[in-house]
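This report describes selected parts of a two-chain model, element by element. Please look at the sequence and the structure first.

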Amino acid sequence: MSATLPITEAVEVRRTAEGLELELTGVWSVRELGAIEAALERIDVASVPRVRIAAAGISELDLSGAWALRGFVRRARRAGAEVAFRGAPPDQLRLVEQTLAEPAAPEEAAPGEADPTAARPGPAEPGDRALVAIGRYVVRSGHDLVAGLAFFGRTCVTLAANLVRPWRLRPISIVRHVYDTGITAMPIVALIAFLICVILAYLSAQQLRGLGADIYVVDLVTIGVLRELGVLLTSVIVAGRSGSSFAAELGSMKLNEEVDALTATGADPIELLVVPRVLGLAIALPLLTVIADLIGLTGGALLCRFLLDMPLEQYVNRVNESISATTFWVGIIKAPVFALLIAFAGCYRGMQVRGSARELGHLVTVAVVQAIFLVILADALFAVLFMRMKI
Amino acid sequence: MAAVVEVRGLVNRFGAQVVHDGLDMEVDADEVFGIVGGSGAGKSVLLRTILGLQRPQAGTVRIRGNDITHLSEAQLRPIKAGYGVAFQSGALYSGLTVLENVQLPMIEHLKLPPTALEGLALLKIRLVGLPADAAAKYPAQLSGGMVKRAAVARALALDPPLLFLDEPTSGLDPVSAAAFDDLVLYLQQHLKLTIVMITHDLDSIFRTCNRVGVIVDRRMESDTLERIVDNPHPWIQAYFHGERARERLGAERGA
């Protein structure tokens, strides 16, 4: 008694008295693997005493096909069947068996790479796991803070040493960074300062007009721009532009071992890479702030002229009356500090990159977010300081 | 029998700089073909052209009969599934583990269940002689030799009959390089692969290659290994009969 059940092109199954007879046909390649696996899966090997496989009909067999066949043979053997090939088993199957059986030579284990899973303790209770996660996060943040402070300290020391011995500074590199972070940022800084000041003037004009206090629009715009908005806007834009570019540039240099190459030649990467960026930005950011202030006041003037019909002369006079001697300087003094923070965040995160491109992307993001955060935090501290100083 | 890779009249030019000018190359099935040339002779440009990463100014590149210089990206896809490439520095995706690296071509080209993906990837990883625990590691955690092997495992992901290796033994110590040559021979014999290999390594050439193509004067001189060493071109003479080569050649001929 025998019945032929063709399942797919790949396998023909005959059930005989002694068990299964498999006739393998067609292309057994990685391309057909989905269908082959499905066909093999459908073959029921439970309580089959013998499986005989004829592989001569296969027109093309690659390693993946052989791997699927091996999986089936193992399954049949586990189910208690005796598996035999009619003729010699295919070479590829032998190769797969051999590859997966013999333990691979440990000759090329990477040095100094301990198994990271080895030291980890076993799974804990869900409540404990949350605690463990929080604990890990706190410890990691603590380390990160200490490392950041150390980097900040090193940068400051190198910077101070270089300022004392100015012939060690790299003027060409600094000028390049002034150009990259300052000159090329001028259009976008000017545009955003203009738009924001127009919005500010417009909003305040709407509110103050009801009180008949139109003239105070000028005070609001002038003091707002000179003390806070000019420098803050500029810093946020520069943090996005240059903080990310510092982090990406240094990060890819790290990945490319360029930083190691510098260190190996005895050069100090902080002195060569970080200090020019810090100084370049410290020069560029105050200049950008002046431009933002100027354009912001111009925007206010335009709005007052066309919305409030205020003559330009009156606007200029009012600007002069509203500011004190310190107003401009209170704003501009913050710029170098913000520049230092932005350059520091970008360079520090860039220098932290090791290993992979994904880490580079992550750290560039962190650099920008932290640069903006640090700028706003510093601005708040400045506000408190100036209030105490009654300026 | 038709050549597996056939390059005819290839011209590559960058501005005024002519890299290839009427270069011909032919690789037959089941052979290990070595591409040799001085630095800047255009070995990498040739490989990039064959892989379709760069269009030549003139000439044809046929891979198993298909002229790839005039195919669109979509038409190239099945042809690209028919060969594997191991780049010089490995070019492993640094954000993925070795296992995921090997799985990526399969995910791109095939629809397979996750168990099959994992089983096949592990098979390829073991096949190139990596220990099974290397599968979970990231490329940054591997040694140079392991990266090269992992790159070969990824190149073999789709069981291609054709394999390109770009300077596979560069940067390896002689012992690892010899072990890699053994791997190339092992794979060639057991998988019936056709292998095209760019290399500088004389030991590698003498050990693995059946035929060698030397890029000189913007063209290629190719011949069997035994005959190419007697080619009268001065660069080829200098290459195969230089101080470093003489010893090797003597040993080879004496044997």
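## Helix 2 of chain A

In helix 2 of chain A, the buried residues are Leu63(A), Ser64(A), Gly65(A), Ala66(A), Trp67(A), Ala68(A), Leu69(A), Phe72(A), Val73(A) and Ala76(A). A residue is buried if 20 or more other C-beta atoms lie within 10 Å of its own, exposed if 12 or fewer, and partly exposed in between, with C-beta atoms placed from the backbone. Helices (H or I, at least four residues) and strands (E, at least two) are DSSP runs, numbered from the N terminus.

The model is predicted: local features need pLDDT of at least 70 and side-chain atom pairs count only at pLDDT 80 or more, while totals for chains, interfaces and linings use all residues. Residues are numbered from 1 along each chain as its sequence is written, and chains are lettered from A and ligands numbered from 1 in the order in which they are written.

Helix 2 covers residues 63–78 of chain A, 16 residues in total. From its first C-alpha to its last it reaches 22 Å, close to the 22 Å expected at 1.5 Å a residue; the expected span is 1.5 Å times one less than the number of residues. After helix 2 of chain A comes Gly80(A), with a positive phi near 100°.

## Where chain A touches chain B

Between the chains, 24 residues of chain A are in contact with 28 residues of chain B. Two residues are in contact if their C-beta atoms, placed from the backbone, lie within 7 Å. On the chain A side, at least two residues each come from helix 1 (33–42), helix 2, helix 3 (91–101) and helix 13 (357–388). Helix 3 of chain A gives the largest share, four residues.

Sorted by class, the side of chain A that touches chain B has 13 nonpolar, six polar and five charged residues. Here Ala, Val, Leu, Ile, Met, Phe, Trp, Tyr, Cys and Pro count as nonpolar, Asp, Glu, Lys and Arg as charged, and the others, Gly among them, as polar.

## Helix 4 of chain B

Which helices do the buried residues of helix 4 of chain B pack against? They pack against helix 1, helix 2 and helix 3 of chain A, together with helix 3 (98–109) and helix 5 (144–155) of chain B. Of the 14 residues of helix 4 of chain B, 10 are buried, so this helix is largely enclosed by the rest of the structure. Among them are Leu117(B), Leu120(B), Lys124(B) and Arg126(B).

Helix 4 of chain B runs over residues 114–127, and its end C-alpha atoms are 20 Å apart, which agrees with the 20 Å that its 14 residues should span at 1.5 Å a residue. Just after this helix, Gly129(B) has a positive phi of about 85°.

## Helix pairs in chain A

Helix 7 (residues 216–255) and helix 13 of chain A pack at an angle of about 145°, with their axes 8 Å apart. Axes are lines fitted to C-alpha atoms, for helices over the stretch in contact, and angles run from 0 to 180 degrees between N-to-C directions. The crossing of helix 7 and helix 13 of chain A is right-handed; a crossing is left-handed if the near helix is turned anticlockwise from the far one by less than a right angle, and right-handed if clockwise. Their contact includes Gly240(A), Gly243(A) and Ala247(A) of helix 7 and Val364(A), Ala367(A) and Ala371(A) of helix 13. By class, this contact has 14 nonpolar, six polar and one charged residues.

The axes of helix 9 (residues 269–307) and helix 10 (residues 312–322) of chain A come within 9 Å and cross at roughly 135°. Helix 9 and helix 10 of chain A are therefore oblique to each other: angles under 35 degrees count as roughly parallel, over 145 as roughly antiparallel, 65 to 115 as roughly perpendicular and the rest as oblique. This crossing of helix 9 and helix 10 of chain A is right-handed too.

## Loop residues of chain B

Chain B has 10 helices and 10 strands, and 43% of its 255 residues count as buried. Most residues other than glycine have a negative phi. Arg64(B), in the loop between strand 4 (58–63) and strand 5 (66–67) of chain B, has a positive phi near 45°. Ala91(B), in the loop between strand 6 (83–86) and helix 3 of chain B, has a positive phi of about 50°. Arg64(B) is partly exposed, with 16 other C-beta atoms within 10 Å, and Ala91(B) is partly exposed with 15.
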